[in-house]
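This report goes through the salt bridges, helix packing, backbone and aromatic pairs of one structure. Please read it alongside the coordinates.

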Amino acid sequence: EKSQDCMYLQYCKVCQSYKAPRSHHCRKCNRCVMKMDHHCPWINNCCGYQNHASFTLFLLLAPLGCIHASFIFVMTMYTQLYNRISFGWSSVKIDMSAAKRDPRPIIPFGLSAFAASLFALGLALGTTIAVGMLFIIQMKVILTNKTSIESWIEEKAKDRIQYYQTGETFIFPYDTGSKWKNFKQVFTWSGIPEGDGLDWPVRDGCHQYSLTIEQLKQKADKRVRSVRYRAIEDYSGVCCPVTKGVKTFFTTPCTEEPRIALSKGDLILATRGLKHWMYGEKILDSAADGGIRERGWFPRKCVEKCQYDSETDQPVDGEKKNR
């Protein structure tokens with residue numbers, strides 16, 4: 001609405017528009033999502049402004065349902081095994097063929113049913129632990145009025161300030177200081193979250209665009225720290241390449257982030273990496289490719305670091321530290 005605010009906002013090259021504060025582009029949904037927390041493959045949708053409360057309730061009710069199922073499995077196996085156990089002087093025998101006492105079960109409980117119940121019990125307990133931990137993590141970020149992405153942005157802000165020793169202090173602008181008020185930002189009796197997903201109340205002393213300004217600083221820092229590489233081998237973009245070595249095959253990044261195909265001679269701007277893999281963006285002709293960005297992982301052995309000359313504008317290590 002205000003053209004002067006464009007200097008504080010991030011521009012999405014895919015959606016061809018400015019991102020609202022707390023919004024992020026999801027490559028899976030192919031759209032910008034308001035107050036995006038993450039993309040969940042289990043619900044095949046993003047968790048964000050409209051459904052954050054519903055998703056958190058799902059994380060609560062799923063473990064409760066699994067606990068209920070675990071109780072049923074345990075009692076079923078206990079009851080059926082108790083009816084089949086015979087105690088001798090020197091051994092304990094279990095007869096899985098039939099119950100030794102009445103009443104007989106409505107559903108026959110044999111060895112296969114026992115194995116299936118035991119397997120289902122393991123799944124129920126595993127789901128209870130895994131999803132229950134996700135619920136705890138979600139509640140922690142909700143009580144500070146953050147999202148998972150914003151928690152990561154805050155950590156990177158601390159690293160940036162410490163690395164450049166700027167002396168500034170980053171204060172997360174949307175934390176009201178009260179856990180109850182932060183809770184009500186997400187959970188309401190009507191089920192509709194507060195606000196419109198675009199404008200958010202901020203703490204005293206913070207700017208309406210404090211978070212987006214920090215994101216712009218981090219993107220500028222990311223460009224400074226990135227290193228240019230040139231592809232010396234072709235790479236098809238498969239998840240686990242067989243022809244790139246055993247270590248590369250077995251150390252493929254365990255992430256949903258994509259891989260990018262490389263052809264010999266391609267230029268890539270690498271931003272982070274592991275021992276045998278790197279993550280970066282392929283340098284394309286924006287005019288010829290319509291502004292499409294190709295980002296993802298690629299094997300480290302397929303590229304070599306470019307030797308910069310005096311005509312390049314890449315900063316040296318000293319300049320990076322000063323900036």
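## Salt bridges between helices

A salt bridge here is a side-chain nitrogen of Lys or Arg within 4 Å of a carboxyl oxygen of Asp or Glu. The model is a predicted one. By the rule above, the count comes to 10 salt bridges. One of them joins Glu214 to Arg160, with the closest N and O atoms 2.8 Å apart. Glu214 belongs to helix H5 (residues 210-225) and Arg160 to helix H3 (residues 148-164), so this pair ties together parts that are 54 residues apart in sequence. Glu214 and Arg160 are both buried.

Another salt bridge runs between Glu168 and Lys217, where the closest N and O atoms are 3.3 Å apart. Glu168 sits in the loop between H3 and helix H4 (179-186), while Lys217 is in helix H5, so the parts tied together are 49 residues apart in sequence. Glu168 is partly exposed, at a relative accessible area of 31%, and Lys217 is also partly exposed, at 36%. Arg160, Glu168, Glu214 and Lys217 are linked in a network of salt bridges.

Asp221 and Arg225 form a salt bridge in which the closest N and O atoms are 3.2 Å apart. Both residues lie in helix H5, and because they are 4 residues apart there, about one helical turn separates them. How exposed is Asp221, and how exposed is Arg225? Asp221 has a relative accessible area of 13%, so it is buried, since buried means under 20%. Arg225 has a relative accessibility of 35% and therefore counts as partly exposed.

## Packing of H1 and H2

Helix H1 (residues 52-82) packs with helix H2 (residues 111-143) at an angle of about 155°, and the two axes are 8 Å apart. Angles over 145 degrees count as roughly antiparallel, and H1 and H2 are therefore roughly antiparallel to each other. The crossing in which H1 passes H2 is left-handed.

What kinds of residues make up the contact of H1 with H2? There are 22 nonpolar and 8 polar residues in this contact, and no charged ones.

## Positive phi angles

Gln16 has a positive phi, near 55°, and is a residue other than glycine. Gln16 is located in the loop between strand E1 (11-12) and strand E2 (17-18). With a relative accessible area of 52%, Gln16 is exposed.

Gln165 also has a positive phi, near 50°. The loop between H3 and H4 holds Gln165. This residue, Gln165, is exposed, with a relative accessible area of 64%.

## Aromatic pairs

A pair of aromatic rings is described by the distance of the centres and the angle of the planes. A search of the whole structure gives 11 aromatic pairs. Among them is the pair of Tyr163 and Tyr164, which is edge-to-face, at 4.8 Å centre to centre and 85° between the planes. Tyr163 is partly exposed, with a relative accessible area of 30%, whereas Tyr164 is buried at 12%.

Why is the pair of Phe183 and Phe187 stacked? The ring centres of Phe183 and Phe187 are 4.6 Å apart and the planes are at 20°, so the pair is stacked; the cut-off for this is planes under 30 degrees apart. Phe183 counts as partly exposed at 23% relative accessibility, and Phe187 counts as buried at 16%. Together with Trp180, Phe183 and Phe187 form one aromatic cluster.

Terms used
Residues are numbered from 1 along each chain as its sequence is written. This is a predicted model: local features need pLDDT of at least 70, side-chain atom pairs count only at pLDDT 80 or more; totals for chains, interfaces and linings use all residues. Side-chain values use heavy atoms; hydrogens and water are left out. Helices (H or I, at least four residues) and strands (E, at least two) are DSSP runs, numbered from the N terminus. Buried means under 20% relative accessible area, exposed over 50%, partly exposed in between (1.4 Å probe, protein chains only). Axes are lines fitted to C-alpha atoms, for helices over the stretch in contact, and angles run from 0 to 180 degrees between N-to-C directions. Angles under 35 degrees count as roughly parallel, over 145 as roughly antiparallel, 65 to 115 as roughly perpendicular and the rest as oblique. A crossing is left-handed if the near helix is turned anticlockwise from the far one by less than a right angle, and right-handed if clockwise. Ala, Val, Leu, Ile, Met, Phe, Trp, Tyr, Cys and Pro count as nonpolar, Asp, Glu, Lys and Arg as charged, and the others, Gly among them, as polar. Rings of Phe, Tyr and Trp (its six-membered ring) pair if their centres lie within 6.5 Å; planes under 30 degrees apart count as stacked, over 60 as edge-to-face and the rest as tilted.
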